Each structure stands twice: as structure tokens, then as C-alpha cells.
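Colleague: Hi! Could you walk me through this one?
Modeller: Happy to, let's look together.

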Amino acid sequence: MARIDAAPFAYEFDPASTALLVIDMQRDFIEPGGFGAALGNDTAPLRGIIPATARLIGAARRAGLPVIHTRECHRPDLSDCPPAKRSRGAPTLRIGDPGPMGRILIAGEPGAEIVPELAPAAGETVIDKPGKGAFYATDLSEALEARGIRSLILAGVTTEVCVQTTMREANDRGYECLLAEDATESYFPEFKAATLAMIRAQGAIVGWTATVAQIEEALHG
Ligand code: C5J
């Protein structure tokens, strides 16, 4: 077993049954001109976690952990996008509309791709998801079960939306979840801080948090 002096208390995990889940590190959230920017957000803070996330992915790969990437995106015909999701947000640039990086949040468009610095390696699983949570309407459960995964290390954006939703879904399914504090980011610093606090509260009610350096140390000494 490996051990991290995480918050709110030690996180113990077997690397042989642990996967790294990297949530939605897509151009549409991280670069100007995409979905996140269309909603009025400054994307610079999200770009800031790319180096730490790259280190985390590298550490997981070297330790032999499966690395699973997700992308929030919809079919070109929008048949998997509830009208309520499309109608909210930016009135001028909605999901499916043409933007500087192609149609907003549509599978196959440049904006829906993972940023090049964090590109999936050959053979790594990429889950396209229409919801905020990565378990909803996807094959993620089957992908984890096929690999015998029991523990998840999570990273990605945004902390309080897709990352937190996925972590709660995973926690409800019995996975032991740890969120990498400096490999996750929000457009709203106060929302990130609140999310980290509520995950750890009440005796790790959703899970644990630790830094990338702590995770690297646990995996590689
Ligand atoms: C959002 C996400 N924020 N990946 N998506 O709409 O967190």
C-alpha cells in the first residue's frame, strides 16, 4: 500500500488498483475563444495548472497507473445536449455555435480537444461525456471495473463543476477519491477553496486532497 499525508487524514491506496482521472483539460475551457471564455471567464488561471497536471500525469504513467481523460462535449446534432443546458449561459455563443476554435463543445471540433501539453498517450482511455459528471451516460464505470480500479486520483477543471460532480459520483459508487489540489482549478478562487473544504469536511465525506508533490512522493519516493 502507498500512503499520502493528505487532508483531512492519511490516504492509503494500492497503486495496482488506482487510476488517474483527468477531467476536461480541453481547449474550450482553458484557451481564450472557447466555452469558458464565452461565459465571461478569464481562462488564465486554468492554463496555470497545466505544468502541475503534466507532472501528475507523468508520475502516474511512470508508476503504471491507468490515465483516463474526459472531455465534456456533445454530438454534432446536439441530440445529447438538453435544451436547458444549451439555453443557459452566454446568449451570444451557445453550445454548438461556431466559435474561433470550431463549434463550441462539439466532439471532433478543435475546441473540444485536450490541450496539447496534456494530450492522451497512445492506448489511454478518453471518455466523452455530455454531462458534468463523468459517470453519467458514459462507459466510465465499465472502464474502471475492467481494470479492477478501487481508488481514484482526480485532477482537471473546473473544480466545483465537473471535477466535484465526478468525485461525488465516484464516491457514491464506492471509490476512494483523492483530488490533486494544484492540478485542479476554477474560474472562481472562492469556489475552488470551498470545494476543497467541503470534500474534506466531516471526515472526508467526499474524499481527500493532497498536492502533486505529495502524490509524486507516494508513487516514486
Ligand atoms: C463546466 C466543467 N464548468 N468541465 N464544465 O461547465 O467543469
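Modeller: In α8, the buried residues are Lys192, Thr195, Leu196, Ile199 and Ala204, where buried means under 20% relative accessible area with a 1.4 Å probe, protein chains only. This is a predicted model, in which local features need pLDDT of at least 70, side-chain atom pairs count only at pLDDT 80 or more, and totals for chains, interfaces and linings use all residues. Residues are numbered from 1 along each chain as its sequence is written, and side-chain values use heavy atoms, leaving out hydrogens and water.

Colleague: What covers the buried residues of α8?
Modeller: The cover includes α7 (159-172), β9 (176-185) and β10 (208-210).

Colleague: Pockets next: how much space lies in the largest pocket?
Modeller: About 280 Å³.

Colleague: Which residues lie nearest its centre?
Modeller: Of the 15 residues lining the largest pocket, Phe35, Ala84, Lys85, Arg88 and Lys132 lie nearest its centre.

Colleague: Which helix gives the most to the lining of the largest pocket?
Modeller: Helix α5 (residues 83-87) does, with three residues.

Colleague: And what volume has the second largest pocket?
Modeller: The second largest pocket has about 220 Å³.

Colleague: Which residues lie nearest the centre of the second largest pocket?
Modeller: Phe29, Leu39, Thr158, Val161 and Tyr187 do, out of 15 lining residues.

Colleague: What gives the most to the lining there?
Modeller: For the second largest pocket, α7 gives the most, with three residues. Both α2 (35-38) and α7 supply at least two residues each.

Technical notes. Buried means under 20% relative accessible area, exposed over 50%, partly exposed in between (1.4 Å probe, protein chains only). Helices (H or I, at least four residues) and strands (E, at least two) are DSSP runs, numbered from the N terminus. Contact means heavy atoms within 4.5 Å. On a 1 Å grid over the protein atoms alone, a cavity is a set of points where a 1.4 Å probe fits but cannot get out, and a pocket is an open set with protein on both sides within 12 Å along at least five of seven lines; lining residues have an atom within 4 Å of a point. Grid points are joined across faces, edges and corners, and a volume is the space filled by probe spheres set on the points.
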